[in-house]
Each structure stands twice: as C-alpha cells, then as structure tokens.
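Here's a quick tour of a protein chain for anyone just getting started with structures. Have a look at the picture, then follow the notes below.

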Amino acid sequence: MRGGQGAARAPVLQFTNCRILRGGALLREDLWVRGGRVLDPEKLFFEERRVADEQRDCGGCILAPGFIDVQINGGFGVDFSQATEDVGSGVALVARRILSHGVTSFCPTLVTSPPEVYHKVLPQIPVKSGGPHGAGVLGVHLEGPFISREKRGAHPEAHLRSFEANAFQDVLATYGSLDNVRIVTLAPELGRSHEVIRALTALGICVSLGHSVADLGTAEEAVQSGATFITHLFNAMLPFHHRDPGIVGLLTSDQLPPGRHIFYGLIADGMHTNPAALRIAHRAHPKGLVLVTDAVPALGLGNGRHTLGQQEVEVNGLTAYVAGTKTLSGSIAPMDACVRHFLRATGCGVESALEAASLHPARLLGLEKHKGTLDFGADADFVVLDDSLHVRATYILGELVPTFERNLQCPWGPRSPSTEPGMWPEGPSADLAQPAWPEAPLP
C-alpha cells in the first residue's frame, strides 16, 4: 500500500523516544509511518484530525534510513557470478541475511565472467521491492569485463574484454539484456569507452570508473561523457601522484560539468583502505562518499576456500585473497561494521557516517526522493541502532522484518531466531563468524 485512499485508511504507527536522522542531523522527534511511507504529522493532526493507532517506544535508539549497498558480490555461500539454475534463491538468501546488518536495498554485483554467465544470470535477478522476505534489489552492478589488465585485481584475466569497432553492440553481445542492470564498472582508458558511456547513461544506467590505469584527463573526459561513480576508490587504480593524481583527482577536479557531482565507493573494512586514506577522501569530498562492502560469497562463512565467480578465494581471519596469492578479492565485512569502522577512522559525525551508507548511494542512483532519507513521503525503510551503531531492528516500508543475528533484542519484542545453519555467534560485539571484528570506543 503506497498511496491513495488505501494508504489513508492504513494504520498509523508512531515511533517515540528516538533520534531520527533527517536533514543531516539527529533530531529528537517521533517518526510517523503509514502505508509504507514516512508521514507528516502536522497534516495528520490538522487535516485528518487523527492520532496514531499504535505507538512504539524505541528506547532512545537512533532511527536512520536503511543502508544501501551498491557493490556486494554475494555472501553466506551465495556467489552472484555463478550461473546456477536458480540464481533467484541465492539472491533471496542474501537479501534476508543482510537485513541483520541494516541493509534494506542492494545491487547484486557480478565480477568479470564469460558471456554465457551474464546471459544466464542477469535475467534471473529482476528489480524487486524489499519487504519481510528481504532487502530490495535495485538492479545489478556489472563490474567488468571491460577493465584494465594491469589493474584487474581479483578479476580473471582470461575473461577480460576490450571494446570492438561496434562498441555498444559488443557490450550487448557480452551481457545480453541490460533490463536488470543498474551500474556498469569500466576502465575509461579503453578505446571507444566514451561511446559506451554515453549509450549506457542514455539508458539510465550508472557508469562507474574502476579497475583502471586512467590518468586524470581521461577520467575527466569520462565524467563529461556521463560517468558519475568511482568503484572502490584507491583500490585497483593508479595511486595518487602529485603531477597526475589519476582517477583519485576527480574528487577535487574543476573540469566536471556544471552541477555534476562525482560519487565514489569506499571499502571501509579496515583492510582495503588505510584510515589515513579514508580521512583524505572524506575531507576532500564528503558529499560524494558512498560506503560499499564489496562483500564476497565468503561473508559469514569463516576461514577456508570459497568461490568468487570463476576463481577461488581464501579467507584467513578478516581478509580474503585470490587463492594462492596476496591479491585482495573483496571484503568479508558487513555494512554495519563498515559504518562503525569509517566513523572511528575518520572522526566524522555519526550523521555523516550513516548518510554515507544511505543518502549518498540513494543520490547516486537518483532515488533520494524515496530511499536513503526519512523525509516526509519517503519509503519507510529504516534501521534502529543503539549508540554504538549496532543494529537493533530493521524496517522496510514500515514493517519490522525478521533478522537472523545476535541476541540483541529490539525494545518492543524479540527478534526472529535463526533457523538456518552457520549463523553468526551470539553477543553484541560479534560482527563476523571470523575472529571478532576490531572494535574501539566511538567518538
């Protein structure tokens, strides 16, 4: 129920004794919800002369917009880049499990794969609204295969591609249908890339620059052609150099189209990006910062060997490498752990850390009227957090959704117990099945 007379007849929920993240500040206000949307209480009082049908005491917790993860390769044994007969069931499992970490929407991400994998997998991952069944699917993120060999990272070299004479037709031949695609990561230095960027953006697909050896001028030209995002800043790109800062230089470039903002992903897992680099990026361009997990299928499974597309990865402690190498292959940190680490590492405000995982990815995808915000009229997707930013409960469209982690209880009732094997260890500090994620007092 999202509007019209049906929504007007729906029960009104009033969340009290809470701090709401709205407009960049934590406000001591109540949150009013009806029909899956955030409600303006003044209109309720003065135009409809109604009060709440139910009140829920939040026990002083923070209510923040639900987290949005625009780069997640899988988790809990599910590999989005594996061409199984029932991809949808794996996506659904991940969608359920990430609710425990406050994620209410996500972009399933495929790493570099052969064309037959894309042709089989992509039609099986449609855009889907979130709900009690799990987080919403905003569209697929295709990371590769049109990337640099020198900066391929964990992507298999055998399946990398360049653009041929009919560049966009080559893209279609590689991926098949783009109907379910929301983001494409490519290297802008590849020949004919600007032609592809313009064609993708004309379809409403976000183009991200990554796995690249591009210099700053090439990156600026890509943004002028329509690119709006940088995939996992600092990782799989040329390091910053004072005479040519490369893609990193986009954060302070004066050559971007008027009114155009560049967004950039950061993996704040404590492994991929040094805290000093997190601080540099945040202080240079805080409004464009988007926290991503880049989580691999090993998320939640512990030490050992696991898949990532066409390759094996090996998890040791809190780090995942391409098996037999020291090449990082994505993260095993959930989103709420990334938010907490980012907050501690940068010393930014709680509001900024939370917006980097909610409002900023929503703006990147043009969804800020509905997602990533608790403004009046927005979807009532939100996460209930204690003062240490651990997840107490997750709501999608105003409904409390079942979560499967920890013994933390939301103030108004017990959370659903796990019925699935291999779940997280109990306890408020247990973020991962691996050794406890490093925690320190929040500022």
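Let's start with a pair of side chains: Glu-143 and His-211 are joined by a polar contact of 2.8 Å. Keep in mind that this is a predicted model. From that pair we'll move on to the sites listed in UniProt, then to a tyrosine, a helix pair, an arginine and the chain as a whole.

- An unreviewed UniProt entry marks Glu-143, His-211 and His-232 as "binding site". These residues span 90 residues in sequence, yet no two of their C-alpha atoms are more than 10.9 Å apart, so they gather at one spot.
- Glu-143 sits in strand 13, which runs over residues 140-143. With a relative accessible area of 2%, Glu-143 is under the 20% cut-off, so it is buried.
- Look around Glu-143 and, beyond residues up to four places away in sequence, you'll find it touching His-211 and His-232, and also Gln-71, Asn-73, Thr-109 and Asp-294, among others.
- His-211 belongs to a loop, the one between strand 15 (206-209) and helix 7 (216-225). This histidine counts as buried too, because its relative accessibility is 3%.
- Setting aside neighbours within four places in sequence, the contacts of His-211 include Glu-143, His-232, His-155, Lys-151 and Arg-152.

**Another UniProt listing**

- The unreviewed entry also gives "binding site" for Ala-154, Asn-235, Ala-236, Arg-243, His-272, Leu-328, Ser-329 and Gly-330.
- Where does Ser-329 sit? Find the loop between strand 21 (319-322) and helix 9 (335-346), and Ser-329 is there. Gly-330 is found in the loop between strand 21 and helix 9 as well.
- Ser-329 is buried at 3% relative accessibility, and Gly-330 is buried at 7%.
- Leaving out neighbours within four places in sequence, Ser-329 is in contact with Ala-154, Val-296, Leu-308, Val-313, Ala-320, Tyr-321 and Val-322.
- Gly-330, with residues up to four places away not counted, touches His-272, Asp-294, Val-296 and Ala-320.

**Tyr-175 and helix 5**

- Tyr-175 is part of helix 5, residues 167-175. Is Tyr-175 buried or exposed? Its relative accessible area is 1%, so it is buried.
- A polar atom of the Tyr-175 side chain lies 2.8 Å from the backbone oxygen of Gly-144.
- Tyr-175 and Pro-115 are 60 residues apart in sequence, but their C-alpha atoms are 6.0 Å apart in space.
- Once neighbours within four places are left aside, the contacts of Tyr-175 include Tyr-118, His-119, Leu-122, Phe-146 and Val-184.

**How helix 5 meets helix 6**

- Two packed helices are described by the angle between their axes and the distance between the axes.
- Helix 5 packs against helix 6 (residues 193-202) at an angle of about 65 degrees, with the axes 8 Å apart. Ala-167, Phe-168 and Val-171 of helix 5 make the contact with Glu-195, Val-196, Ala-199 and Leu-200 of helix 6.
- The crossing of helix 5 and helix 6 is right-handed.

**Arg-22**

- Arg-22 has its place in strand 2, residues 19-22. This arginine is buried, with a relative accessible area of 13%.
- Apart from residues up to four places away, Arg-22 touches Leu-27, Glu-29, Leu-31, Val-38, Leu-374, Asp-375 and Phe-376.

**Stepping back**

- The protein chain has 11 helices and 24 strands, and 60% of its 443 residues count as buried.
- Of the contacts between residues at least 6 apart in sequence, 68% join residues at least 24 apart.

How values were computed. Residues are numbered from 1 along each chain as its sequence is written. This is a predicted model: local features need pLDDT of at least 70, side-chain atom pairs count only at pLDDT 80 or more; totals for chains, interfaces and linings use all residues. Side-chain values use heavy atoms; hydrogens and water are left out. Helices (H or I, at least four residues) and strands (E, at least two) are DSSP runs, numbered from the N terminus. Buried means under 20% relative accessible area, exposed over 50%, partly exposed in between (1.4 Å probe, protein chains only). Contact means heavy atoms within 4.5 Å. A polar contact is a pair of N or O atoms within 3.5 Å; within protein, one must be able to donate a hydrogen and the other to accept it, and residues adjacent in sequence count only if both atoms are side-chain atoms. UniProt positions are given in the numbering used here, feature names are shortened, and annotations may be inferred rather than shown by experiment. Axes are lines fitted to C-alpha atoms, for helices over the stretch in contact, and angles run from 0 to 180 degrees between N-to-C directions. A crossing is left-handed if the near helix is turned anticlockwise from the far one by less than a right angle, and right-handed if clockwise.
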